[in-house]
Amino acid sequence: MSRGKFTEKVIEISDQDFISGFHAAKDKLDEVMCPEIKVICKRKQEITFLCQVMFTPAVQWSIMSIGEDKSSKSETLVSITQKVKDYLRKLKASDEVKILRSTLIPDDLFYHGFSTRTGGLSSIPGMKSLNVLYTTAKRDPLVLIEENRRRLASKAGFDVETLYIAKAVHGNTVYEIGTDPPDGGYDGVISNKSNVTCAAPGADCVIILFADPIQHVFAAIHSGWKGTVAKIPSVTVRSMHGKFGSKLEDIVVVMGPSICKNCFEFGKDDIQQFEDINPQCVLHKGLDGNPTIDLKLAIRTLLEEEGVLPEHIDDTTTCPCTVENPNQLYSYRRDGRPFGNQIGFIGLRSN
């Protein structure tokens, strides 16, 4: 069913291998973005568990039982969840996981990278295929996101069980792993421990990775326009220096995929906050239409003001435009909702 016009799509699933059949049916329904799904079955208990695992609150579902419930009495939500996980793990992706890396971060000390949109199992057009960020407002279930993350971790060589991803609340709070998480969320994660991975999500916002090869400190932050104006890059550098003893001249910074200065239109009435950082961040302000913002230049300006050396900032190698590369990267401005997210990740290699 869709708003505006009534449409109906009927999909029949065989009793045999019902998990794969259910998954195939879900993919077809996701293609047309059905907001309401009705299941008619003879295995109500199992199908109920399966709906709980495979659907998010973005989809309303209901079950009608016909005849005697033929569900196995041994099935539980836990057992169905494990079966779905096992099924997804066996599925082949249509392409390979690809990771963007910078030579500025020393590979012998840190593993790092930026995921792209290839190599996963997400099937919804705007989220296909390696969406790695779960939200109840979108249709990718947690089990699928976890499988996408597992595939990324396997390719990159980190432990997915100790992956900490920033919440992207568009602020300037940085969470130190091992302390109590900040109330209200956080846009950055920082650590000096070798058994954890710091990560931050992005679609058009800039993902930034920080590393100090001397003190072995590392961080990942989400820096959209609000976080940049709130100076989260500066806050991160100060945290590395003040909490972990990093010297400013030792810190290296790598920016990930984001919307470029030619695509990031910004309201004329709000450009002053970027001009206050660096007037050169605002482009085309004298022409018709909205000006555009060079978000990476704003971030570079903030970093250099904190004392990070210009040659220790990589804002070219791993940051193609998210809008201009639809086959490689996710973009909110291009895809609208729903859309997926890539992440930047970094961790300290074990000795």
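Ser20 is buried, its relative accessible area being 19%, where buried means under 20% relative accessible area, exposed over 50%, and partly exposed in between (1.4 Å probe, protein chains only). This residue belongs to helix 1 (residues 18-31), and its C-alpha stands 20 Å from that of Pro125, a residue 105 places away in sequence. The model is a predicted one, in which local features need pLDDT of at least 70 and side-chain atom pairs count only at pLDDT 80 or more, while totals for chains, interfaces and linings use all residues. Residues are numbered from 1 along each chain as its sequence is written, and side-chain values use heavy atoms, with hydrogens and water left out.

**Overall fold**

- The protein has nine helices and 15 strands; helices (H or I, at least four residues) and strands (E, at least two) are DSSP runs, numbered from the N terminus.
- For 351 residues a compact globule would have a radius of gyration near 20 Å, and the 22 Å of the protein agrees with this; the radius is taken over C-alpha atoms, and the globule rule is 2.2 Å times the number of residues to the power 0.38.
- Along the principal axes, the C-alpha atoms fill a box of roughly 70 × 55 × 35 Å, and 50% of the 351 residues count as buried.
- Among contacts (heavy atoms within 4.5 Å) between residues at least 6 apart in sequence, 66% join residues at least 24 apart.
- The protein exposes about 16700 Å², of which carbon and sulfur atoms supply 47%; accessible areas come from the Shrake-Rupley method with a 1.4 Å probe, and for residues only the protein chains shown count as cover.

- Helix 4 (residues 142-156) has 15 residues and reaches 21 Å from its first C-alpha to its last, close to the expected 21 Å at 1.5 Å a residue, the expected span being 1.5 Å times one less than the number of residues.
- The buried residues of helix 4 are Val143, Leu144, Ile145, Glu147, Asn148, Arg151, Leu152, Ala153 and Ala156, and what covers them includes helix 2 (44-54), helix 3, strand 3 (99-100), strand 4 (110-115) and strand 15 (342-348).
- After helix 4 comes Gly157, whose phi is positive, near 90°.
- Helix 8 (residues 295-306) has twelve residues and reaches 17 Å from its first C-alpha to its last, close to the 16 Å expected at 1.5 Å a residue.
- Nine of the twelve residues of helix 8 are buried, so this helix is largely enclosed by the rest of the structure; among them are Leu295, Lys296, Arg300 and Glu306.

**Salt bridges**

- The structure holds 13 salt bridges, each defined as a side-chain nitrogen of Lys or Arg within 4 Å of a carboxyl oxygen of Asp or Glu.
- Arg43 forms a salt bridge with Glu46, with the closest N and O atoms 3.1 Å apart, and both Arg43 and Glu46 are buried.
- Lys85 pairs with Glu146 in a salt bridge whose closest N and O atoms are 3.8 Å apart; this pair links distant parts of the chain, with Lys85 in helix 3 and Glu146 in helix 4, 61 residues apart.
- The side chains of Arg117 and Asp335 meet in a salt bridge (3.7 Å, N to O); Arg117 lies in the loop between strand 4 and helix 4 and Asp335 in helix 9 (residues 332-335), so the pair ties together parts that are 218 residues apart in sequence.
- Arg117 counts as buried at 7% relative accessibility, whereas Asp335 is partly exposed at 26%.
- Salt bridges that share partners join Lys26, Asp30 and Arg139 into one network.

**A buried strand residue and a surface patch**

- Ser115 lies in strand 4 and is buried, with a relative accessible area of 0%.
- Leaving aside residues up to four places away in sequence, Ser115 touches Lys98, Leu130, Val132, Leu152, Leu329, Gln342, Ile343 and Phe345.
- Ile40, Met64 and Ile66 make a nonpolar surface patch of about 270 Å²; patches are made of residues with over 30% relative accessible area and no salt bridge, like charges being joined within 9 Å and nonpolar side chains (Val, Leu, Ile, Met, Phe, Trp, Tyr) within 5 Å.
- Ile66 is placed in the loop between strand 2 (60-65) and helix 3 (77-90), and Ile66 is partly exposed, with a relative accessible area of 39%.
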